[in-house]
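Here is a short briefing for a first look at this structure. Start with the sheet, then turn to the helices that go with it.

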Amino acid sequence: MEITLSALHGRWTTLVIRELLQGARTFTELRHALPALSDKVLSDRPAHLTEAGVLDRRRQPGWPPRVHYTLTSHGRRLGPVLQALWDWGAAVTASPPES
């Protein structure tokens, strides 16, 4: 569990993964999908996820340079994990736990 939480650490990380669960994205596509993120955060999160083996990063030659991100098979396995976290959060919000 700690390994999973380490891979998902940082604000916005789950949203980046959510976007990539829909398919490969370029940096620009991620920026448009997640406008609240600064360019620094949008660079840091994929870099961390690449180090964790969750993303593949491919730089396309040319000008302007394009970077494509895709989930690895390991990263795609986070889909059900994130769904379970979403479902749990929705259930708690709908009926807060008793004290």
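Three strands form an open sheet in the order S1-S3-S2, with antiparallel pairing. Its edge strands are S1 and S2, and each pairs on one side only. H2 packs on this sheet and touches S1, S2 and S3, with its direction at about 85 degrees to that of S3.

This is a predicted model, in which local features need pLDDT of at least 70, side-chain atom pairs count only at pLDDT 80 or more, and totals for chains, interfaces and linings use all residues. Residues are numbered from 1 along each chain as its sequence is written, and side-chain values use heavy atoms, with hydrogens and water left out.

**Terms**

- Helices (H or I, at least four residues) and strands (E, at least two) are DSSP runs, numbered from the N terminus.
- Two strands pair if DSSP finds at least two bridges between them.
- Contact means heavy atoms within 4.5 Å.

**The sheet**

- Strand S1 covers residues 25-26 and strand S3 covers residues 66-71; two bridges pair them in the antiparallel sense.
- Thr-26 has His-68 in S3 as its bridge partner.
- Strand S2 (residues 55-60) runs antiparallel to S3, and six bridges join the two.
- Opposite Asp-56 stands Thr-70 in S3.
- The hairpin of S2 and S3 has five residues between the strands, and Gly-62 there takes a positive phi near 125 degrees.

**Helix H2**

- Helix H2 spans residues 13-21, and its buried residues (under 20% relative accessible area, 1.4 Å probe, protein chains only) include Thr-13, Val-16, Ile-17, Glu-19 and Leu-20.
- These residues lie on the same side of H2, because they cover an arc of only 160 degrees around the axis; the arc is that of the directions from the helix axis to the C-beta atoms.

**H2 against H6**

- Helix H6 (residues 78-94) packs with H2 at an angle of about 125 degrees, and their axes are 11 Å apart.
- Axes are lines fitted to C-alpha atoms, for helices over the stretch in contact, and angles run from 0 to 180 degrees between N-to-C directions.
- H2 and H6 are therefore oblique to each other; angles under 35 degrees count as roughly parallel, over 145 as roughly antiparallel, 65 to 115 as roughly perpendicular and the rest as oblique.
- Thr-14, Ile-17 and Leu-21 in H2 meet Leu-78, Gly-79 and Leu-82 in H6.

Technical notes: Buried < 20%, exposed > 50% of the residue type's maximum accessible area, 1.4 Å probe, protein only.
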